Amino acid sequence: MQTPICGVCTQTKTLCTGCSERLRNGEITECDITVSRLLFKYKQDFALDEVKFTNSLEFPSVILVFTATPAGYLIGRKGKIVNALSKELGKRIRVIQKTSDIHRLAEEILLPVKPLSINTLYKKNGVLYKIIISRKEAMRLPMDLQAIQTTFNKLLNIQTTIEFS
């Protein structure tokens, strides 16, 4: 199992100097540390050897957990791992496989809503992605609009807007 923090830090309550420096620099968050420690705790009960947990983003109602391996490895059979994480953290958990393909990533983050189109706009100051969603499906979005835009901006380091049609 791979986590954003080292193996020693997942087993103890304190962080080593390297991990604490990464926390100060903003490379990892408190949520990453908490999820990593919980996954290490669950490693005894569940098969988590192939899991590569990369990072997480915390919002008021949901925590997005990103993995480099298929999401099913972290969800577990019948969702047992995700349910255990959700009970410990007190929020809904969404597991998303991290990818560089903007279309696939958008579909996974917006699930159950399917985007109508994802447009790439080239501007003087850089690239802007415009994700268009059906107005009828706006009620089914898994998070509020600002949280979705923040997620895309942090993951891709590219400005993203969401519009309804």
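Start with Lys91 and show its side chain, which reaches the backbone oxygen of Phe59 at 2.9 Å. The model is predicted. Is Lys91 buried or exposed? Lys91 counts as buried because its relative accessible area is 18%, and the cut-off for buried is under 20%. Now select what touches Lys91. Leaving out residues up to four places away in sequence, the contacts are Glu58, Phe59, Pro60, Ser61, Val62, Ile63 and Ser86.

**Stop two: helix H3**

Select residues 30-42, the 13 residues of helix H3. From first C-alpha to last, H3 reaches 18 Å, close to the 18 Å expected. Color the buried positions of H3: Cys31, Asp32, Ile33, Val35, Ser36, Leu38, Leu39 and Tyr42. Residues three or four places apart in an α-helix point the same way. Which elements cover the buried residues of H3? Show helix H1 (7-11), helix H2 (17-25) and helix H4 (71-75), which are among them. The cover also includes S1, S2 and H5.

**Stop three: helix H7**

Move to residues 145-156, helix H7. Its 12 residues reach 17 Å from first C-alpha to last, close to the expected 16 Å. Ala147, Ile148, Gln149, Thr151, Phe152, Leu155 and Leu156 are the buried residues of H7. Their cover includes strands S1 (53-58), S2 (62-67), S5 (126-133) and S6 (159-164), along with helix H6 (102-110). Finish at Asn157, which follows H7 and has a positive phi, near 55°.

Note on methods
Residues are numbered from 1 along each chain as its sequence is written. This is a predicted model: local features need pLDDT of at least 70, side-chain atom pairs count only at pLDDT 80 or more; totals for chains, interfaces and linings use all residues. Side-chain values use heavy atoms; hydrogens and water are left out. Helices (H or I, at least four residues) and strands (E, at least two) are DSSP runs, numbered from the N terminus. The expected span of a helix is 1.5 Å times one less than its number of residues. Buried means under 20% relative accessible area, exposed over 50%, partly exposed in between (1.4 Å probe, protein chains only). Contact means heavy atoms within 4.5 Å. A polar contact is a pair of N or O atoms within 3.5 Å; within protein, one must be able to donate a hydrogen and the other to accept it, and residues adjacent in sequence count only if both atoms are side-chain atoms.
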